[in-house]
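Please have a look at the sequence and the model before I go on.

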Amino acid sequence: MNRYALTGGIASGKSMVSGLLETWGWQIIDSDVIARGLLEPGGGAYKKVIDSFGSSIVYSDSSIDRSRLGNIVFTDPEKRGLLNSILHPLIRAEWQFQHSVLVQRGPTLVVIPLLHETEANLWFESVACVGCSFDRQMARLRQRGLMPEQAEARISAQMKVEDKAKHSDVVIWNNGSKELLEDQARLLDGRWKSVYKAPPF
């Protein structure tokens, strides 16, 4: 089946791990990148999101202000559920399509932050979770320019890292150095490639 997924908490280091795996030959499908494309003018979710959340989230150039949209949905669970109901089916359909194409070429990894929350984990044969402490998450989100209350709202909107880890096959803990993170990513690369089955054609 060759279905591998990477998940983890916000600001945990998923992009760093997937970036390392990409340099080692993995093809990366990032659900966040798919989501951003869906929200661009002409994207599959663009019109419905504006119809649902109003023109106040639109810049003068017609693009969606994702920061403003984020502030809305991360302070209102009902509106967050509405946005998820629009985006998640489209995101899932796209990463499944991309996977069906790329997996024919070699090892393929799908990065999905809300993997367990959306029960997408059931589609994969092996899942790795990147985690770190709450304090590290807060510090990294502050470095991205978020206020403490904004950072905490984004963390609390996701499943707890401990629960993500509990439901995953492999856990990478990113509270240390970049070298330690790379060592853990190399172990994951070796583990998955050891059971990877190349397409028969």
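Predicted model: local features only at pLDDT ≥ 70, side-chain atom pairs only at ≥ 80, totals over all residues.

Let me begin with a definition: a residue is called buried when its relative accessible area is under 20%, exposed when it is over 50%, and partly exposed in between, using a 1.4 Å probe and protein chains only. By that rule Lys166, with a relative accessible area of 59%, is exposed.

Residues are numbered from 1 along each chain as its sequence is written, and side-chain values use heavy atoms, with hydrogens and water left out.

Let me turn to charged pairs. Side chains of opposite charge can pair when their charged atoms come close. The term salt bridge stands here for a side-chain nitrogen of Lys or Arg within 4 Å of a carboxyl oxygen of Asp or Glu. How many salt bridges does a search of the whole structure find? The search finds six, and I will go through some of them.

Asp163 and Lys166 are separated by about one helical turn, because they are three residues apart in helix α8; helices here are DSSP runs of H or I with at least four residues, strands are runs of E with at least two, and both are numbered from the N terminus. Asp163 is partly exposed, at 27% relative accessibility.

A second salt bridge joins Lys164 to Glu117, with the closest N and O atoms 2.8 Å apart. This pair links distant parts of the chain, since Lys164 sits in helix α8 (residues 161-166) and Glu117 in the loop between β3 (108-111) and β4 (126-131), 47 residues apart. Is Lys164 buried or exposed? Lys164 has a relative accessible area of 0%, so it counts as buried, whereas Glu117, at 29%, is partly exposed.

A further salt bridge brings together the side chains of Asp65 and Arg68, at 3.9 Å from N to O. Asp65 is buried at 9% relative accessibility, while Arg68 is partly exposed at 42%.

Now for the way helices pack. Helix α6 (residues 134-143) and helix α7 (residues 148-156) pack at about 125 degrees, with their axes 9 Å apart; an axis is a line fitted to C-alpha atoms, for helices over the stretch in contact, and angles run from 0 to 180 degrees between N-to-C directions. Angles under 35 degrees count as roughly parallel, over 145 as roughly antiparallel, 65 to 115 as roughly perpendicular and the rest as oblique, and α6 and α7 are therefore oblique to each other. Contact means heavy atoms within 4.5 Å, and among the residues that meet are Phe134 and Met138 in α6 and Ala151 and Ile155 in α7.

Let me finish with some single residues. Asn2 is found in the segment before β1 (4-8), and at 7% relative accessibility Asn2 is buried. Leaving aside its neighbours within four places in sequence, Asn2 is in contact with His99, Val103, Thr108, Glu125, Tyr196 and Lys197.

Pro200 lies in the segment after α9 and is exposed, with a relative accessible area of 78%. From C-alpha to C-alpha, Pro200 and Ile72 are 48 Å apart in space, and in sequence they are 128 residues apart.

Finally, there is the backbone angle phi. Ser62 has a positive phi of about 80 degrees although it is not a glycine; Ser62 lies in the loop between α3 (46-53) and α4 (66-73) and is partly exposed at 36%. Glu119, also not a glycine, has a positive phi of about 60 degrees, is found in the loop between β3 and β4, and is exposed at 53% relative accessibility.
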